[in-house]
Amino acid sequence: MTIAYRTPDAADGPALSAMARQAFVDSFTGVIDPEPLAIYLEQVYGPAGQMQRDLGDPAIDWRAAYLDGMPAGYIKLSAMTLPFEAAHPEAMELRQLYVVEACKGQGVADALTEWLIDTARSRGAPEIYLAVFDHNQRAKRFYARHGFGEVGRCDFVTGPQVHDDRIWRRML
C-alpha cells in the first residue's frame, strides 16, 4: 500500500467531503440520532458545507493522505477555537483527523499527526488542543500515544442532542 501525502486544494473538496462523511458515519452511527446526523452531515460535508469553506480558508492548514489518488485521510490545524480559557494565546488546535477504515492501523493517522505536531512547533505554538467524543476510546488511546492528555470538556451539538466531548492538550 503506497500512501502519498500533500496539501489538498479546492479541487479535492468533493472527494475529501465524501471520505469524511463516510468516516463520520462509520464512527457515529448509533450514537447520533439519524435525523440530526443527516442534518449535520449536510452542514459540514455537503457541497456548501463547512469543509468546503475550510478548504478555502488560508488560516487552516491541511494535510491529506491519498491511496491510489483517492483520499484516505486528512488532518486540519488552526488557531485555537475550543472553549478552554487556560489555553496559551498562541495555542493551536487539531480541528479534525479522519482516516478511512481500510487504512486504519497502517500508519496514516500517525504520519498526519506527526505533520501536525511539526507544523505547530514550526509556527511557535507552545501547545496543541483537540476535542474528542468521550466514548471514542480508540481515538483517545491514539491521542494518548501521541502525548495528548485530557484537560477539560465541551459540548458537541447535533440538532437537539448534546454530546460530551473531552478537550485534550499536548505541550510542545
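1. Arg6 is partly exposed, with a relative accessibility of 35%; the term covers values between the buried class, under 20% relative accessible area, and the exposed class, over 50% (1.4 Å probe, protein chains only). Asp12, by contrast, has 12% relative accessibility and is therefore classed as buried. These two residues form a salt bridge in which the closest N and O atoms are 2.9 Å apart. A salt bridge here is a side-chain nitrogen of Lys or Arg within 4 Å of a carboxyl oxygen of Asp or Glu.

2. The model is a predicted one, in which local features need pLDDT of at least 70 and side-chain atom pairs count only at pLDDT 80 or more, while totals for chains, interfaces and linings use all residues. Residues are numbered from 1 along each chain as its sequence is written, and side-chain values use heavy atoms, with hydrogens and water left out.

3. A second salt bridge joins the side chains of Lys76 and Asp54, at 2.5 Å from N to O. This pair links distant parts of the chain, 22 residues apart: Lys76 belongs to strand β3 (residues 70-79) and Asp54 to helix α3 (residues 50-55). Helices (H or I, at least four residues) and strands (E, at least two) are DSSP runs, numbered from the N terminus. Lys76 is buried at 3% relative accessibility, and Asp54 is buried at 4%.

4. Asp164 and Arg166 also form a salt bridge, their closest N and O atoms lying 2.6 Å apart. Asp164 is partly exposed, at 21% relative accessibility. Both residues belong to a network of salt bridges that also links Asp134, Lys140, Glu150, Arg153 and Asp155.

5. Over the whole structure, the search finds 13 salt bridges.
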